[in-house]
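Q: How should a predicted assembly be read, starting from the contacts between its chains and moving on to the elements inside them?

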Amino acid sequence: MSLDVEVKDGVDQETVDAVKELSGTYKYGWNTDIEMEYAPKGVNTDIVKLISEKNEEPEWMTEWRLQAFERWEKMTEPEWAMVSYPKIDFQDQYYYARPKSMVEKPKSLDEVDPKLLATYEKLGIPLKEQALLAGVEAPEEERKVAVDAVFDSVSVGTTFKDELAKAGVIFCSISEAIREHPELVKKYLGSVVPVSDNYYATLNSAVFSDGSFVYVPPGVRCPMELSTYFRINAENTGQFERTLIIADKGSYVSYLEGCTAPQRDTAQLHAAVVEIVIEEDAEVKYSTVQNWYPGDEDGKGGIYNFVTKRADCRGDRAKVMWTQVETGSAVTWKYPSCILRGNDTQGEFYSIAIANNMQQADTGTKMVHLGKNTKSRIVSKGISAGKAQNTYRGLVSMHPKAKNSRNYTQCDSLLIGDKCGAHTVPYIEVKNNSSRVEHEATTSKVDDEQLFYCRQRGMDEEEAVALVVNGFCKEVLQALPMEFAMEAQALVAISLEGSVG
Amino acid sequence: MLEIKNLHVKLEDEDKQILKGVDLSLEAGKVHAIMGPNGSGKSTLSYVLSGKDGYEVTEGSAHLQGEDVLDMEPEERAAAGLFLAFQYPVEIPGVGNMTFLRTAVNAQRKARGEEELSAGDFLKVVREKAKTLKIDAEMLKRPVNVGFSGGEKKRNEILQMAMLEPKMCILDETDSGLDVDAMKLVSEGVNALRDAGRTFLVITHYQRLLDHIKPDVVHIMANGRIVKTGGPELALEVEQNGYADILAEEVA
Amino acid sequence: MGLPDIKTNLTDARLAAQPVPQSGAWLAAARDDALARLRAMGLPTKRDEYWKYTDPSTLTEAVAQSADVFDAADEAPLYDGIDRLKLVFVDGVFDVDASDDMAPEGVTIERLADAGAADIHWAKDLYGVLEAKGQSPVERPLAALNSATATDGVLIHVTGTPSKPISLIYRHADATSDATLHHVIKVDAGAEVTVLENGPAAARFNKCMEVDVADTGVFHHIRAQGRDHERRAVTHIFGRLGKESVFKSFTMTANGVLTRNEVVLELTGDDAQASVAGACMGDGAFHHDDTVFITHDAVNCESRQVFKKVLRNGAVGVFQGKILVQPDAQKTDGYQISQSLLLDDDSQFLAKPELEIYADDVACSHGSTSGAINEEALFYLRSRGVEKGTAEDLLVLSFLAEAIEEIESDDISEDILARLEAWLMRRRG
């Protein structure tokens with residue numbers, strides 16, 4: 001194995017070796033050997049119809065998809081992001097893959113293929129839920145997290161549904177929601193991310209196979225954290241999931257998303273859409289720990305992650321908070337955004353993006369202030385190591401009617417090694433004078449003095465880097481729910497293991 | 001000099017009443033002190049008198065030498081002779097201290113129909129007054145309050161007061177953030193300005209400032225009202241026993 | 001990949017109205033190259049990302065919109081008290097009679113129209129060369145148009161330290177004038193020069209300035225763009241900085257319906273220092289765009305971008321600034337600040353402050369803010385008796401101060417300040 005890392009003064013061989021080892025640190029690279037059912041490769045109207053059929057969708061949904069597909073065919077792939085990757089052959093992908101055992105929908109946990117359950121167990125998804133699927137409730141003191149587990153193109157199962165239903169909360173796969181709650185889906189699907197929004201979102205609208213659906217009725221504080229766990233397992237298969245979250249007036253929900261994929265030599269496509277509707281006085285927290293397979297040190301394989309996430313604060317005083325820890329994917333193209341439509345609405349975006357080896361991340365947010373007295377806050381921490389390129393791209397827009405609004409943006413980039421790049425591309429558009437917009441950005445390298453200080457106190461170099469980087473990210477880590485904070489912190493350390501240079 | 005009657009003030013943005021009927025009568029040539037626990041409304045009183053935005057007078061009046069000040073713009077109040085030494089003097093990057101002073105002095109002179117000071121005359125007066133406050137030429141050149149230490153900021157406030165020669169001076173916790181030497185310096189500056197035609201309202205938490213600036217009258221403020229008025233001995237009493245007794249008395 | 005028809009047509013129409021002039025061998029070759037560049041890129045349209053915030057249509061269209069000449073009789077002339085070498089252009093044509101003798105010590109100055117007739121000239125290594133380099137990674141077709149079609153300008157070779165600044169004065173006399181000027185400035189090792197510019201120049205003005213500062217050379221540039229309300233201008237400065245050289249450019253802009261100032265610098269020698277600053281006051285029909293691109297390609301260089309805009313009555317301010325740090329440009333110190341003060345609700349500030357960094361041992365930062373006047377400071381001033389209008393003026397000047405401080409010469413910065421004060425006074429009426 002050769003890696004042309006220039007050894008700088010003061011960096012020992014051990015560190016360089018550790019950098020080389022890095023590609024081996026992806027913990028979730030194994031795959032599940034399971035019998036799958038595929039739709040033919042490629043995308044066309046037949047495939048779109050087939051996906052719709054597999055999901056037993058009503059006609060209006062099939063039509064919706066077909067219209068999206070028609071649009072998509074006329075669109076071209078965007079090129080503005082600072083990422084480069086071989087041209088994707090959209091016809092050389094599977095758009096639908098489900099475990100054979102899922103053809104007949106399991107009615108309870110007992111019917112779910114043990115191999116699938118074992119997969120999630122191995123991923124560390126709390127297994128008590130499996131029992132709970134069967135209706136056994138957890139002891140009171142346990143913190144509960146309801147999970148919708150998506151395996152390639154289908155939802156394997158959703159836990160705690162009954163308990164959530166008692167509170168009036170609907171949490172199920174989107175395919176089930178289309179069948180069981182068509183009035184809600186019809187009303188909200190595509191209302192935040194329109195079918196024509198962008199190339200990948202349009203494709204998703206045509207071919208999404210599953211995903212999660214959440215509806216929190218007025219005045220309800222969701223009794224537990226909800227989460228979706230996405231796993232891409234099949235080879236040459238794109239995952240196109242769709243998430244729709246509706247927080248009705250005065251409600252609250254915290255939502256967690258996790259993702260992993262096996263280590264494979266060929267790149268795989270992931271193009272998801274997340275839509276969040278937030279009505280008056282409601283609040284949604286959406287946290288992601290994205291840990292897709294990033295490819296190896298030469299940039300072979302990995303997930304191409306093109307995601308459209310948007311929250312629409314429709315009602316007055318609605319609040320949304322996006323928190324993301326992006327450590328995976330070969331290519332990340334993702335801008336969770338906030339439309340601050342109602343008066344006194346608030347949007348927050350906290351992000352840690354770590355790119356190592358040949359990873360490329362182009363991520364950020366859009367804060368669109370439309371209502372009066374709206375507030376937004378952006379804290380972005382980008383860390384580049386190896387030969388990675390890490391870009392923050394964002395928009396803060398104050399419309400003429402968004403009087404007395406505020407934005408504060410802090411974008412910090414940290415460079416580890418001299419072969420990587422860190423970039424900041426903010427767009428700031430201010431169209432009224434009672435609003436105040438402040439943007440600050442810095443780029444620097446890991447502080448040698450801080451490292452030295454830590455090492456002098458007895459830490460080894462890796463510990464020191466992890467500590468300093470975790471300190472650099474602290475503001476964002478603190479914004480994560482407890483369930484994720486620990487995992488994220490560990491992930492930050494793993495992603496950067498030994499990358500001092 | 002300054003007559004405050006039944007002054008009620010609330011915050012403009014919130015439904016929160018801060019002053020709940022303040023009555024104060026400040027005679028010419030006297031030094032009045034206001035003491036009181038945190039949140040009693042002392043600073044609000046100083047801001048309302050000087051015309052800061054964000055407060056709404058719901059009832060009552062304040063007259064400076066017979067003129068209704070509450071109707072005036074902040075600069076008109078200043079021209080009428082009202083001066084507030086800020087608890088937290090504002091930093092204005094890019095504006096030289098000297099330019100600031102000269103603009104202020106001449107604006108007030110103009111408003112009073114007096115002739116503007118020439119650059120030479122102005123310089124002479126500033127240098128002289130700055131010297132007694134130990135403000136050096138360097139400090140005069142720097143932007144207003146930018147990079148000033150706490151003590152320097154407060155000395156700068158007193159220099160402005162000396163230059164503007166107001167009739168009614170309000171000192172809002174001028175002693176906060178000052179060490180003993182700086183407090184002495186500031187107090188001397190204030191004492192030098194004591195005059196039969198000038199009134200002081202000294203807002204403070206502590207008796208120690210009043211050791212240097214001896215008050216004629218001491219008021220205790222609590223919960224948006226003046227709850228007790230007395231001589232200098234009242235301040236000593238507070239110093240020894242705190243506010244609890246006085247407040248208890250008030251409740252009783 | 002062919003050029004979209006719209007661009008081809010736009011470019012053809014413009015070149016038909018503004019043909020490439022005849023020149024001697026060296027300049028003809030440079031113009032041919034520039035023309036090829038222009039044809040390959042085509043003139044910009046507002047759909048181009050780089051023109052996202054400024055509509056270039058009135059800068060690209062074949063015939064310039066007319067602009068009334070503003071009667072500036074009541075204004076004190078800028079740089080009046082400063083001893084300088086005056087070179088006057090009227091509607092883009094060099095005015096020999098109004099200009100001073102062009103042979104001061106330490107510098108040679110030639111008119112482009114004269115030098116261009118020669119077969120060979122020192123300027124051939126620079127004319128259109130720095131511009132061509134500046135076309136990547138971002139295309140600047142209006143600069144290529146300039147190199148291809150400029151009709152006048154000066155070639156300044158600084159060999160020593162001239163005793164006084166060179167002052168380029170651009171008078172505007174004809175309401176329909178459309179001027180294209182191209183200057184080349186070569187500052188030799190150890191030489192030092194100050195170049196002043198002022199005046200509206202023409203109804204439409206396209207100016208390009210290529211500046212090569214050799215090792216330890218020093219270049220100061222102070223520019224005032226103002227007066228004529230209806231004039232439109234696009235300007236480019238392409239600078240190359242050698243080792244330990246200094247490049248400082250400051251621009252004050254007031255008035256003008258459209259101004260796009262691009263500054264493209266490349267720091268190629270170690271320990272070079274660059275500063276690009278601007279103070280702009282916009283009122284009413286005013287669109288001002290500062291587009292700056294600084295590339296660090298050497299070790300231990302420092303660059304500063306300081307831009308301040310005061311806007312009211314629907315004025316629009318744009319800032320697109322970029323610091324690009326190449327992989328070997330270690331120990332780069334890059335600073336960028338863009339701020340706007342919006343004096344009313346109709347005005348707009350649009351900014352894209354970018355960092356693109358490929359070296360790790362760097363300290364780069366940028367900040368951008370937009371908002372109204374600081375109420376705390378306003379109250380403080382008013383509580384000292386300063387009338388509201390005056391207090392606002394003072395705060396406006398204080399807001400602009402950081403940009404003005406970038407000017408090296410005290411005499412000139414005082415002059416600029418006086419001009420800004422006068423502008424404020426006039427506005428207040």
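**Reading contacts, sheets and helices**

A: This is a predicted model. Of the 2 pairs of chains in contact, chains A and C share the most contacts. Chain A and chain B have no contact with each other, and their closest C-alpha atoms lie 13 Å apart.

Q: How many residues of chain C and of chain A take part in their contact?

A: In general, the size of an interface is often given as the accessible area lost when the parts come together. Here residues are counted instead: 32 from chain C and 28 from chain A. On the chain C side, strand E18 (348–357) and strand E19 (363–371) each supply at least two residues. E18(C) gives the largest share, 10 residues. By class, the side of chain C that touches chain A has 15 nonpolar, 9 polar and 8 charged residues.

Q: Which strand of chain A is joined to E19(C), and in what sense do they run?

A: Strand E24 (residues 436–445) of chain A is joined to E19(C) by 7 bridges, and the two run antiparallel.

Q: Which elements of chain C supply its side of the contact with chain B?

A: The contact involves 19 residues of chain C and 22 residues of chain B. From chain C, helix H7 (375–383) and helix H8 (388–404) each supply at least two residues of this side. H8(C) provides the largest share, 8 residues. The side of chain C that touches chain B is made of 8 nonpolar, 4 polar and 7 charged residues.

Q: In chain B, what is the strand order of the open sheet of 6 strands?

A: The order is E6-E9-E10-E3-E11-E12 in chain B, and the pairing is mixed. Strand E6 (82–85) and strand E12 (225–230) of chain B stand at the edges with a single partner strand each, so one side of each has no neighbour in the sheet. Direction ignored, neighbouring strands of this sheet are turned by 20° against each other on average.

Q: How many bridges join E11(B) to E12(B), and which residue of E12(B) is the bridge partner of B:Ile220?

A: Strand E11 (residues 217–222) of chain B and E12(B) run antiparallel and are joined by 5 bridges. The bridge partner of B:Ile220 in E12(B) is B:Lys228.

Q: Which strands does helix H6 of chain B lie across?

A: Helix H6 (residues 150–164) of chain B lies across E6 and strand E9 (168–172) of chain B, and runs at about 170° to E6(B).

Q: Which strands are at the edges of the open sheet of 4 strands in chain B?

A: The sheet has the order E2-E1-E4-E5 in chain B, with antiparallel pairing. Its edge strands are strand E2 (17–26) and strand E5 (67–68) of chain B, each pairing on one side only. Strand E1 (residues 2–11) and strand E4 (residues 55–64) of chain B pair over 8 bridges in the antiparallel sense. Among these positions, B:Ile4 has B:Ala62 in E4(B) as its bridge partner. Helix H1 (residues 42–50) of chain B packs on the sheet, where it touches E1, E2 and E4 of chain B, and its direction makes about 70° with that of E4(B).

Q: Why does the span of helix H7 of chain B agree with what its residues should give?

A: Helix H7 (residues 180–193) of chain B has 14 residues, which at 1.5 Å a residue should span 20 Å; the end C-alpha atoms are 20 Å apart, so the two agree.

Q: Which residues of H7(B) are buried, and what covers them?

A: An α-helix has 3.6 residues a turn, so residues three or four places apart point the same way. In H7(B) the buried residues are B:Met183, B:Leu185, B:Val186, B:Ser187, B:Gly189 and B:Val190. Their cover includes helix H4 (119–132), H6 and helix H8 (207–212) of chain B.

Q: How many helices and strands does chain A have?

A: Chain A has 13 helices and 24 strands. Of its 501 residues, 56% are buried.

How values were computed:
Residues numbered from 1 in each chain as written. Chains lettered and ligands numbered in written order. Predicted model: local features only at pLDDT ≥ 70, side-chain atom pairs only at ≥ 80, totals over all residues. Contact = placed C-beta atoms within 7 Å. Nonpolar A, V, L, I, M, F, W, Y, C, P; charged D, E, K, R; others polar. Pairing = 2+ DSSP bridges. Axes fitted to C-alpha atoms, helices over the stretch in contact; angles between N-to-C directions. Buried ≥ 20, exposed ≤ 12 C-beta atoms within 10 Å, placed from the backbone. Expected span 1.5 Å × (residues − 1).
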